[in-house]
Amino acid sequence: MDRNENAKTKHVALNMLKASVAITGAALLFACGDDSSSGADGSQTATGVDSTVESVDDLLNCTSKHEGETAYIKEENATYVCVDGDWIIGSISESVDDLINCTSKHEGETVFVKEDKEIYVCTDGDWVVAGETGDGDDDDGDDADKKSSSSKAKSADSKDKSSSSDENDEDDSSSSSSKKSDPKSSSSFKYEQDSTAYEQPDVVKVKDKSIAGVSQKGPFVTGSAVKLYELDGETYAQTGRSFTGKITSNYGEFEISSVTLASQYALLEASGYYRNEVSGKMSGGTITLNALTDLSDRKKVNINLLTHLEYERALYLVGTGVNVSAAKKQAEAEIFKAFGIQGDFANSEDLNIFGEGEGDAALLALSILMQGDRSEAKLTELLTKFATDIEKDGEWNDASTKAKIADWASEQDLADDLSLIRFNIISWGLITVPYFEKYVRNFWYANYGLKACGAENQGEIAAATNELVETYGTKTRYYCNGEAWLEASDIDKDTYQWTAGEDGEIRLGSVTQSVYYIYDGVRNAWDAASKIEAALGGCTETREADISLNTGKVNGTWYICKSREWESTNNITIDTQGWVEGSDGDIQKGDSTDAKYKYDEALDQWVATNANDVSLGLMGCTTNRTGEIGKSDETYYVCKNSNWQVAAEIDYDTYGEKCTSAEVGKTMNGKETAANKYYCSANGWVSLMGGWTFDVPKEARLNPEITYGTMTDKRDNKTYETVKIGDQVWMAENLNYDYNKGTAKSYCYDDIEANCEVTGRLYTWAAAIDSVALANDADNPQICGYGVECTLPTVVQGVCPDGWHLPSYDEWQTLFTAVGGSSKAGTALKSQTGWNSQTGDAADRDAYGFSALPAGRRNGGGNFINAGDYANFWSASQYEGNSYSAYYVFLYYYDEKARRDYLNKGHGFSVRCLQN
């Protein structure tokens, strides 16, 4: 089989190998033909070059001393040969037999054949010695023997190293037909390799070898399958032999034992579930990863995303004549470059996402970026598209996908979720997590068009320049803090590169076009302006000092400039700032509004007036004038709470009379209406003629025309006024004995103890009859009270003191008869004052000194009601046929009559005791 046929066979075998691998889910065709540049021969290697230099300028002069020497130019990835005083560009071959077929693809290419020390040119399908015409007299058909020194290949523009030499003065136009075209330097072979990249190593058998490694995306889970397929050493096709292992630990570790192969080349394949680095959880589906490897001098092969992605590209490069090792290294570098990662990293099958090296960190970053928020199906699709994209030219041209990945990476980084990803990985307990973050950041930086962030550009603000990323054309900006790009705040991006302004100057943000900023002349910095500052401008020391400039109104609210801050204020401050003190009650119009103000001497300030201050023509009602009476249009007004109010009768009837703590108990007749009477209480003057108030003591309610007796309750030493009416002697006050025994209770109105001193206590019926004493009577014990019928004694002492008793209903009726009957008793028994309203002739009120007070009651629900309206008194008589009710008598404010009724025994009523 000739060289060309061998190349064809290798291409077909590579296609078969690629079709057998589940990386894309479909066979990928690999072009082949007569003009293949597989490089199976050694003519296109740089083996045996005499020297290697960076550029053409570094070449020595091509003199007779150096005739036939070769040099490899790194800058051009090309080989030059010294021939007849010129450095000629071309490849190198050991012998004519090693030359590849001269096809149209290689037309004009030159090769220096070391064995002949001649340059051959590919011309019209034949390799001829430079200078031969191709149609010479030699008829033996051996084009390789057509030699001539009459012409040269293209001369290099070498640098003249000796001023006395004319060896490089030839016209290089004569070599224009030769071109710099080397199949090893095609667009698919961009990364610098030395000449060994095209040296094909010998096929080496592998015998009884154990292969170990880790399988990672994140790590594949325990039990996942790992297979090793034997490859042909010449064609790289699968031979059909395979060996099986499985993942044995949470690290993704595997081992395949007793591996014996016909060649050192193998394909490893891992399939299963894996731990997702982004979510920290086990994947919801399975994936398959591959690795192409040379086992000649290794026992460990890691399977990861990089070995998987480089697979298609490496096979393509192998098809161009590059050996497996060089192809994998180039593919690895191209993949990392696609993600903006460059470095002298270990081989892909030596990298580990839990390693400590830069390559390990780069691998983990690559794995995280490809994973993103994708499902296993979407991830597999992305891997397939990526591998297909880079296969032929080593470049990832899917700008849209790059942008989407960059958007995701940006979101994770700016939200500090990369630390969450790190935490997820650490939580697996798998030792080391390399510093992957910088590679993730660099990827989105580059795709957003952001340059590196360091101390030299700290404070710089930049926008995304890639039209495909999410924030392009938006108002989002990024801020370099000297270490990393962060999303810029409004003030950062809006004021970027602004120069200093005037103190208090307001400007609209450059980017947001909606946020305002203020220049602080003290701090020499721009700050975000408040809505008030945006409307009124800055509050400066100058404005604060100038009354004409230091106020402003926004949305109906006044603001004043104080200590470099706008403070909301009222019209008073705005109108009266700068005013001096006035006389108490002076009224004056505001400076900025039509409002009027009065001077309050006690407060030492101007305060707002009210309508009456102005309209009544009186001096302003101030603190010192509280209680003062004024008269306007025959109407009296009183100064209360800094406002002139229409005066009540008591206001002007008592005006000018002191009622302080020293005068409590004092009474007086009205100044305007002499018939009115007033009492000086602890809370000021109260009317003795008006409605009810607990401020007036019980003694002030007694009839001053009656001569009262007294009695003292020995139980608590309280003294009560008494009065004789007819043949009965009554207490002229309500009983105030604190009785609480079991369920028999007594209360003060509103549960205020002081109220008991005025109206006495309110007793349940059980308390009024002293049901406890009745139950404990040694001679005639009776269980009486709520819900219980009993036979009461003829006289029930009840809660009354010794010598006194709770009157029966009949005894109440005797009282009513004594004062003229029930129809008149309502008026005759009520106190002269304290009722919310009175009926009947005033001369008849409290004519007998009984002085009944409207003490109200406590109802069954526990509420206190009717004070000022009702006087209610228990009797010692039960309501027949209803054990829950008893008789009581009551007086009502609008009724002249005294009435009897029955009510639930749980109510709280007053008690008047009758002497035995």
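**Figure 1. Burial and overall make-up of the protein.** Of the 916 residues of the protein, 51% count as buried. The model is predicted. Secondary structure comprises 19 helices and 44 strands. Contacts between residues at least 6 apart in sequence were also sorted by separation, and 53% of them join residues at least 24 apart.

**Figure 2. The largest nonpolar core, with 75 residues.** Leu228, Phe339 and Met370 touch the most other members of this core. Helix H4 (residues 358–371) supplies the largest share, 9 residues. Phe339 is shown with its contacts beyond four places in sequence: Leu366, Leu369, Met370, Phe386, Trp396 and Phe443. In soluble globular proteins, nonpolar side chains tend to be buried together.

**Figure 3. Packing of helix H6 against helix H8.** Two packed helices are described by the angle between their axes and the distance between the axes. Here H6 (residues 399–414) and H8 (residues 437–448) pack at about 125 degrees. Their axes are 8 Å apart. The crossing of H6 past H8 is left-handed. From H6, the contact uses Lys402, Ile405, Ala406, Asp407, Ala409, Ser410, Asp413 and Leu414. From H8, it uses Val440, Arg441, Phe443, Trp444, Tyr445, Asn447 and Tyr448. By class, the H6 contact with H8 has 9 nonpolar, 2 polar and 4 charged residues. Phe443 of H8 is also among the residues that Phe339 touches.

**Figure 4. Packing of helix H2 against helix H5.** The axes of H2 (residues 305–318) and H5 (residues 376–390) come within 7 Å. They cross at roughly 40 degrees. H2 and H5 are therefore oblique to each other, since angles count as roughly parallel only under 35 degrees. H2 passes H5 in a right-handed crossing. H2 contributes Leu305, His308, Leu309, Glu312 and Arg313 to the contact. H5 contributes Leu383, Phe386, Ala387 and Ile390. These residues divide into 6 nonpolar, 1 polar and 2 charged. Phe386 of H5 is also a contact of Phe339.

**Figure 5. Leu815 and its surroundings.** Leu815 belongs to helix H18 (residues 809–818). Its relative accessibility is 0%, so Leu815 counts as buried. Beyond four places in sequence, Leu815 is in contact with Ile725, Gln728, Trp730, Leu829 and Phe850. Gly726 is 89 residues away from Leu815 along the chain, yet their C-alpha atoms are separated by 7.6 Å.

**Figure 6. Thr70 in strand S2.** Strand S2 spans residues 70–73 and includes Thr70. Thr70 has 3% relative accessibility and therefore counts as buried. Gly90 is 20 residues from Thr70 in sequence. In space, the two C-alpha atoms are 9.6 Å apart.

**Figure 7. Asn859 and Asn866, loop residues on either side of strand S40.** Asn859 sits in the loop between strand S39 (857–858) and strand S40 (864–865). With 16% relative accessibility, Asn859 counts as buried, because the cut-off is under 20%. Outside four places in sequence, Asn859 touches Ile865 and His907. Ile865 falls within S40 (864–865). Asn866 lies in the next view, in the loop between S40 and strand S41 (870–878). At 22% relative accessibility, Asn866 counts as partly exposed. Its phi is near 75 degrees, a positive value in a residue other than glycine.

**Figure 8. Asp208, a strand residue with positive phi.** Asp208 is found in strand S9 (residues 206–214). Phi of Asp208 is near 45 degrees. The residue is not glycine. Asp208 has 54% relative accessibility and so counts as exposed, given that exposed means over 50%.

Terms used: Residues numbered from 1 in each chain as written. Predicted model: local features only at pLDDT ≥ 70, side-chain atom pairs only at ≥ 80, totals over all residues. Heavy atoms only, no water. Helix = DSSP H or I, 4+ residues; strand = E, 2+ residues; numbered from the N terminus. Buried < 20%, exposed > 50% of the residue type's maximum accessible area, 1.4 Å probe, protein only. Core = buried A, V, L, I, M, F, W, Y, C linked by side-chain atoms within 4.5 Å. Contact = heavy atoms within 4.5 Å. Axes fitted to C-alpha atoms, helices over the stretch in contact; angles between N-to-C directions. Left-handed = near helix turned anticlockwise from the far one by under 90°. Nonpolar A, V, L, I, M, F, W, Y, C, P; charged D, E, K, R; others polar. Parallel < 35°, antiparallel > 145°, perpendicular 65-115°, else oblique.
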